[in-house]
Amino acid sequence: MAEALKNYFTPERLHVIATGIQSVYRPFDVDRFLESTLDETWESLELKDRIYKISASLGAFLPADYEQALGVIDTVVADYGTWPEGIGMFFPAFVELFGQDERHWDLSMAALARYTPHASAEFAVRPFIINHEKRMMAQMYEWSQHESEDVRRLSSEGCRPQLPWAPALTSFKKDPAPILPILEQLKCDPSAYVRKSAANNLNDISKTHPELVVKLATEWYGENKKTDWIVKHGCRTLLKQGNLEVLAIFGYHDAASLKVEDFALGLTSLSIGENMGFTFTLLAQEETKIRLEYGIDYVKANGKRNRKIFQLSESSLKKDESKPYLRKHSFADLSTRKHHPGTHSITLIVNGAERGTLDFELEEAKGTS
């Protein structure tokens with residue numbers, strides 16, 4: 001199993017950071033910095049809190065003058081190429097913690113743009129949005145036209161209404177209108193890195209304003225391949241929900257002309273850790289574009305069930321063409337999903353429509369009591 005992200009900042013890496021700073025700012029006290037960072041609270045902190053802990057310790061040992069402190073960091077940033085990847089992700093957090101005073105605005109905005117190519121400032125910008133929404137969103141729009149793809153990506157990623165591991169931007173969940181000019185600016189961006197962020201932002205918006213995303217998707221789809229990819233990826237939640245308007249945009253119309261035959265399970269009882277195979281055949285009565293998915297209704301720890309949708313394929317069938325399918329699904333425990341014994345279900349979904357459900361028993365892993 002991969003090492004927990006919280007353990008990225010080892011004492012050895014923190015020492016590299018501290019000595020790197022001291023090399024450009026001699027008064028920096030390496031030992032006291034390490035002592036204040038690796039205190040009795042360190043082991044209980046997760047990754048994000050550890051980043052803030054490092055940043056707070058920096059504030060105690062860098063120059064008290066904010067502009068001078070940024071000058072030290074700027075010099076250190078020049079050595080990023082010789083440091084382990086991601087080691088400077090606390091520099092944007094330093095700006096977030098110490099640079100929100102009105103008199104520091106221009107310094108902080110310039111610093112975030114400088115640091116984000118090395119360690120994304122998507123979390124650091126959010127307090128600025130929350131506290132100064134109109135001014136900060138004007139800055140984000142300006143960044144959406146920046147020559148650097150990292151800065152353009154920040155303009156979208158930082159204002160996602162539901163960015164993972166970050167506080168939700170509740171005002172944008174209520175009204176995402178301030179985000180739309182940025183997405184409009186980025187919808188044809190040459191960078192796949194930027195386009196993915198724009199699509200993720202659009203997907204966030206779809207969770208609270210599906211009708212707005214349907215409208216944008218209808219207007220944007222077909223403009224060019226770059227925009228089409230953003231629209232498709234940004235509508236993934238609506239597609240999984242079987243939204244008929246969105247399905248139609250991408251050519252997945254009524255599935256009535258498709259017949260599902262011989263839907264069956266390889267096993268009706270299996271243990272946690274094993275794979276379950278399932279088979280079915282599709283027969284097209286008319287030429288049809290097809291989006292195939294299946295849903296697993298998992299038993300949760302409390303005995304209730306929760307559905308997770310998995311995509312099988314997107315394809316087309318000609319009139320009177322049939323195609324057999326053989327697939328398998330793993331019930332091995334993951335860091336993101338722990339399985340529980342009980343009666344589960346699998347549902348086949350064709351163009352957003354449920355076309356058959358089968359129950360099966362999931363038992364405790366073999367060798368456990």
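Visitor: Are Tyr 66 and Phe 94 buried or exposed?

Guide: This is a predicted model, in which local features need pLDDT of at least 70, side-chain atom pairs count only at pLDDT 80 or more, and totals for chains, interfaces and linings use all residues. Residues are numbered from 1 along each chain as its sequence is written, and side-chain values use heavy atoms, with hydrogens and water left out. Buried means under 20% relative accessible area, exposed over 50% and partly exposed in between, with a 1.4 Å probe and protein chains only. For Phe 94 the relative accessible area is 2%, and both Tyr 66 and Phe 94 are buried.

Visitor: What angle lies between the planes of Tyr 66 and Phe 94?

Guide: Rings of Phe, Tyr and Trp (its six-membered ring) pair if their centres lie within 6.5 Å; planes under 30 degrees apart count as stacked, over 60 as edge-to-face and the rest as tilted. The centres of Tyr 66 and Phe 94 are 6.4 Å apart, and the pair is stacked, with planes at 10 degrees.

Visitor: How exposed is Phe 98, which forms an aromatic pair with Phe 94?

Guide: The pair of Phe 94 and Phe 98 is tilted, at 4.8 Å centre to centre and 40 degrees between the planes. Phe 98 is partly exposed, with a relative accessible area of 34%.

Visitor: Which residue lies over the face of Tyr 8?

Guide: Tyr 8 belongs to a cluster linked by ring pairs, together with Phe 9, Phe 90, Phe 91 and Tyr 115. A charge sits over a ring if NZ of Lys or CZ of Arg is within 6 Å of the ring centre and within 35 degrees of the ring normal. At 4.1 Å from the ring centre of Tyr 8, the residue is Arg 13.
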